[in-house]
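Q: I have a protein model open on my screen and I'd like to learn how to read it. Can we go through a few features together?

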Amino acid sequence: MNNESPRSMSYCEAIHEALREAMQTDPRVFLMGEDVGHYGGCYGVSKGLLDEFGETRIRDTPLSESGFVGAGIGAALGGMRPVVEVMTVNFSLLALDQIVNNAATIRHMSGGQFSVPLVIRMATGAGRQLAAQHSHSLECWYAHVPGLKVLAPATIADARFMLSMALQDPDPVVIFEHVMLYNNEAPIPSADQCLPMEQAAIRREGSDITLITYGGSLPKALAAADQLAHAGISAEVLDLRSLRPLDSATIVSSLSKTHRAVIIDEGWRTGSLAGEISAIIMEQAFWELDAPVARICSQEVPIPYPKHLEDAALPQQTDIVNTAKQVLGVQ
């Protein structure tokens, strides 16, 4: 029997190890993007990989998201397994044509003759005072697009193992890494303990209300559930993990137990992923509800630079606690 304790590592280290393992085991895998080589990545994820694998597999690119994402699509069509890093979600808009009009459509437009096994990683979210052109949560824009799979690993375990699952997929996968998670640390379980990438996870069992979230809002939801427990409220915390496809079965199953829901989504409220999840609940679990679904989203402003304004614009633990109590009708 192996009595060794699980290793601990940071979210950043988990992605680094996943990349390194993928490149060691599959010569088709390579990484490309801005500053991924000599600099080691904007958040240090690829530090040291250039020395180990060389410039043919760790490829620094020009500042041209459309160009290097397009090159990644071409490499995938040619039989490679590229991992393309986009420095921040806001910059990915410069590659939106490549992602939406090419990567997501080629299988359909070729009648199934071609697939694009491409993984696109990008930082998302606010909290680091990076202002309005580096801080938004646009996951729902990509989750809107057929032909893409969209993942939001919120735990160190998912950061470690979701990449390998994505690389095995024959179609393009977009992975959103929240900037406030990179320094989080936790023990790493074995790969066989990680759920399939398209399945939502119950991170905390509860019976009174379900807190539904993903990515950088998961730690806030878990902290809110702890605070609610001190008030005698049992909150279940559901981590979506996959934003396209959404695991509606797990959402409905949780609602059928708790009968109330609060959705926490760092995207803006108008046209949000939270609105889509609310619609799923209304369509599939309306008669299970004992109260209207509540949504907590970012304020409808460009993310501010000053720390106090940035914090005010984002969903916070206090917002989750207060909203949950309102849904439950308690003070």
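Q: Let's start with arginine 241: does it count as buried or exposed, and why?
A: Keep in mind that this is a predicted model. A residue counts as buried when its relative accessible area is under 20%. Arginine 241 has 1% relative accessibility, so it counts as buried. You'll find arginine 241 in the loop between β11 (235–239) and β12.

Q: What is the phi of arginine 241?
A: Phi of arginine 241 is near 65°, a positive value in a residue other than glycine. Alanine 131 also isn't a glycine, and it has a positive phi of about 70°. Look for alanine 131 in the loop between β5 (119–124) and α7.

Q: How does alanine 131 count in terms of accessibility, and why?
A: Between the buried cut-off of 20% and the exposed cut-off of 50%, a residue is called partly exposed. Alanine 131 sits at 24% relative accessibility, so it counts as partly exposed.

Q: Is the peptide bond from arginine 244 to proline 245 cis or trans?
A: For this one, check omega. The bond from arginine 244 to proline 245 has omega near 0°, and it is cis. Proline 245 is in the loop between β12 and α10.

Q: Now helices. What span should helix α11 have, and how far apart are its end C-alpha atoms?
A: Count on 1.5 Å a residue. The 13 residues of α11 (residues 273–285) should span 18 Å, and the end C-alpha atoms are 17 Å apart, which agrees.

Q: Which residues of α11 are buried?
A: They are Leu273, Ala274, Ile277, Ser278, Ile280, Ile281 and Ala285. These residues cover an arc of only 155° around the axis, which puts them on the same side of α11.

Q: What do the buried residues of α11 pack against?
A: Both helices and strands. The helices are α7 (139–143) and α10 (248–258). The strands are β10 (209–213), β12 (242–244), β13 (261–268) and β14 (294–298).

Q: How do I describe two packed helices?
A: You use the angle between their axes and the distance between the axes. Take α9 (residues 218–230) and α13 (residues 317–328): their axes come within 8 Å and cross at roughly 50°. That makes α9 oblique to α13. The crossing of these two helices, α9 and α13, is right-handed.

Q: Which residues meet where α9 and α13 come together?
A: On the α9 side, they are Lys220, Ala221, Ala223, Ala224, Gln227 and Leu228. In α13, their partners are Gln317, Ile320, Val321, Ala324 and Lys325.

How values were computed. Residues are numbered from 1 along each chain as its sequence is written. This is a predicted model: local features need pLDDT of at least 70, side-chain atom pairs count only at pLDDT 80 or more; totals for chains, interfaces and linings use all residues. Side-chain values use heavy atoms; hydrogens and water are left out. Helices (H or I, at least four residues) and strands (E, at least two) are DSSP runs, numbered from the N terminus. The expected span of a helix is 1.5 Å times one less than its number of residues. Buried means under 20% relative accessible area, exposed over 50%, partly exposed in between (1.4 Å probe, protein chains only). The arc is that of the directions from the helix axis to the C-beta atoms. Contact means heavy atoms within 4.5 Å. Axes are lines fitted to C-alpha atoms, for helices over the stretch in contact, and angles run from 0 to 180 degrees between N-to-C directions. Angles under 35 degrees count as roughly parallel, over 145 as roughly antiparallel, 65 to 115 as roughly perpendicular and the rest as oblique. A crossing is left-handed if the near helix is turned anticlockwise from the far one by less than a right angle, and right-handed if clockwise.
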